[in-house]
Amino acid sequence: MHEMSVALSVVDQVEQAARPQGAHGVRRVAVEIGELAGVVPDALAFCFELACAGTRLEGAELVTRSVPGRAHCTPCGRGWDTGMPPDMICAVCRAGATELLTGRELRITEVHWSAAPTAPGPAPVPQSEES
Amino acid sequence: MCRTVDLRQAVLAKNTMAAGILRTELTARGTTVVNLLSSPGSGKTALLERELQLCRERGLATAALTADLATENDATRLARSGVPVKQVLTDGLCHLEADMLAGHLHDWLPDPTRLLFVENVGNLVCPASYDLGESLRVVLASVTEGEDKPLKYPAAFGLAQLVIVTKSDLAGPAAFDEAAFRAHVERVNPGVEVVLTSVRTGEGAGVLVDRALAAADGERVHAPVMARAGA
């Protein structure tokens with residue numbers, strides 16, 4: 001199970017992006033997971049929660065979107081859902097001259113974060129801001 | 001104030017980048033990496049013992065790195081061939097990553113090394129996701145594992161540039177259906193070469209070394225459909 005490695009990579013990348021932008025806390029991280037990426041969304045969600053502990057992502061929600069495998073046959077122009085296990089052979093040409101259009105994604109798409117308070121308040125009270 | 005940022009970053013980008021750097025560095029040194037993946041017990045080490053012996057006999061500058069969760073048993077076996085061998089203990093991690101491999105090669109990889117065989121952790125799930133800077137990715141399956149292995153582990157077989165069937169001497173007793181296995185491989189990875197081997201009978205001896213040398217010489221290596229994705 002490499003979902004913990006994947007979760008740590010997600011946290012690391014979001015941390016790196018958040019720091020220079022002055023993000024205070026991260027609320028939500030959206031990740032696209034292709035059907036053929038070899039990552040189990042539930043296992044990733046479990047590991048993500050652990051990987052966030054002690055970082056500015058602590059408590060952040062992970063939203064995953066599954067992307068179906070989609071193949072294309074260049075000679076006949078046919079497109080099809082590969083399914084799982086994937087079928088990479090064109091049913092018309094019976095040849096494997098195909099391209100995989102989608103299905104291998106493992107990508108952070110969006111991060112929703114709150115900015116650090118800019119105005120130095122008289123008595124800073126730690127509270128979460130709502131958008 | 002909250003805001004949503006469009007990040008669009010590949011999660012494994014760091015590993016992919018490290019693998020690319022390693023591939024460039026090793027190519028400049030004249031070294032070609034072969035990444036061997038299989039489930040535990042499929043016979044990676046036995047096959048590699050034979051192939052390393054052949055490399056030695058042919059006078060090829062070869063080295064091998066083997067990764068396991070624990071024990072140095074595999075390195076001990078491989079070292080009998082006489083080629084330089086390094087054991088990597090992953091302390092429980094189920095796969096190798098490119099920067100880990102780079103760290104282990106630093107200060108160890110003999111110069112010159114034409115072929116470096118990397119025996120990945122026995123696992124058909126996780127290692128499939130990590131490019132190690134290899135020029136040839138090989139997946140092995142033994143005849144006792146069942147013909148549907150390529151369907152059960154489509155990423156491992158789908159991204160392979162060479163598929164090796166091991167223990168072919170047991171095909172009869174195991175009632176191994178070679179045609180079904182080949183059809184399953186073809187379904188997930190059209191066009192990939194499938195080679196039958198047995199370290200007992202000698203079937204397929206030297207094929208791994210020959211394909212590795214072809215890759216080292218810049219010959220075109222199979223490009224799996226799954227690897228052509230723009231993900």
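This is a predicted model: local features need pLDDT of at least 70, side-chain atom pairs count only at pLDDT 80 or more; totals for chains, interfaces and linings use all residues.
Phi of Thr71(B) is near 75 degrees, and Thr71(B) is a residue other than glycine. Thr71(B) counts as exposed because it has 10 C-beta neighbours inside 10 Å.

Chain A has a cis peptide bond to look at as well, between Met84(A) and Pro85(A), with omega of about 0 degrees. Pro85(A) can be found in the loop that lies between strand E4 (79-81) and strand E5 (98-102) of chain A.

Stepping back to chain B as a whole, the reader will find eight helices and eight strands. The radius of gyration of this chain is 18 Å, close to the 17 Å given by the globule rule for 231 residues, so chain B is as compact as a globular protein of that length. Along the principal axes, the C-alpha atoms of chain B fill a box of roughly 70 × 40 × 35 Å. Of the 231 residues in chain B, 49% are buried. Among contacts in chain B with a separation of 6 or more, 78% are between residues 24 or more positions apart.

Two packed helices are described by the angle between their axes and the distance between the axes. For helix H1 (residues 13-28) and helix H4 (residues 98-105) of chain B, the axes come within 8 Å and cross at roughly 35 degrees. On the H1(B) side the contact is made by Asn15(B), Ala18(B), Ala19(B) and Leu22(B), and on the H4(B) side by Ala98(B), Asp99(B), Leu101(B) and Ala102(B). By class, the residues of the contact of H1(B) with H4(B) are six nonpolar, one polar and one charged.

The last stop is the place where the two chains touch. In this contact, chain A takes part with 35 residues and chain B with 34 residues. Three elements of chain B, namely strand E1 (2-10), helix H6 (154-158) and helix H7 (178-188), each supply at least two residues of the side that touches chain A. The largest share of that side of chain B comes from E1(B), with nine residues. Sorted by class, the side of chain B that touches chain A has 20 nonpolar residues, along with seven polar and seven charged ones.

E1(B) also pairs with a strand across the chain boundary. Strand E6 (residues 106-115) of chain A is joined to E1(B) by seven bridges, and the two strands run antiparallel. To find this pairing in the structure, the reader can look for His112(A), which stands opposite Thr4(B) in E1(B).

Note on methods. Residues are numbered from 1 along each chain as its sequence is written. Chains are lettered from A and ligands numbered from 1 in the order in which they are written. Two residues are in contact if their C-beta atoms, placed from the backbone, lie within 7 Å. Helices (H or I, at least four residues) and strands (E, at least two) are DSSP runs, numbered from the N terminus. Ala, Val, Leu, Ile, Met, Phe, Trp, Tyr, Cys and Pro count as nonpolar, Asp, Glu, Lys and Arg as charged, and the others, Gly among them, as polar. Two strands pair if DSSP finds at least two bridges between them. The radius of gyration is taken over C-alpha atoms; the globule rule is 2.2 Å times the number of residues to the power 0.38. A residue is buried if 20 or more other C-beta atoms lie within 10 Å of its own, exposed if 12 or fewer, and partly exposed in between; C-beta atoms are placed from the backbone. Axes are lines fitted to C-alpha atoms, for helices over the stretch in contact, and angles run from 0 to 180 degrees between N-to-C directions.
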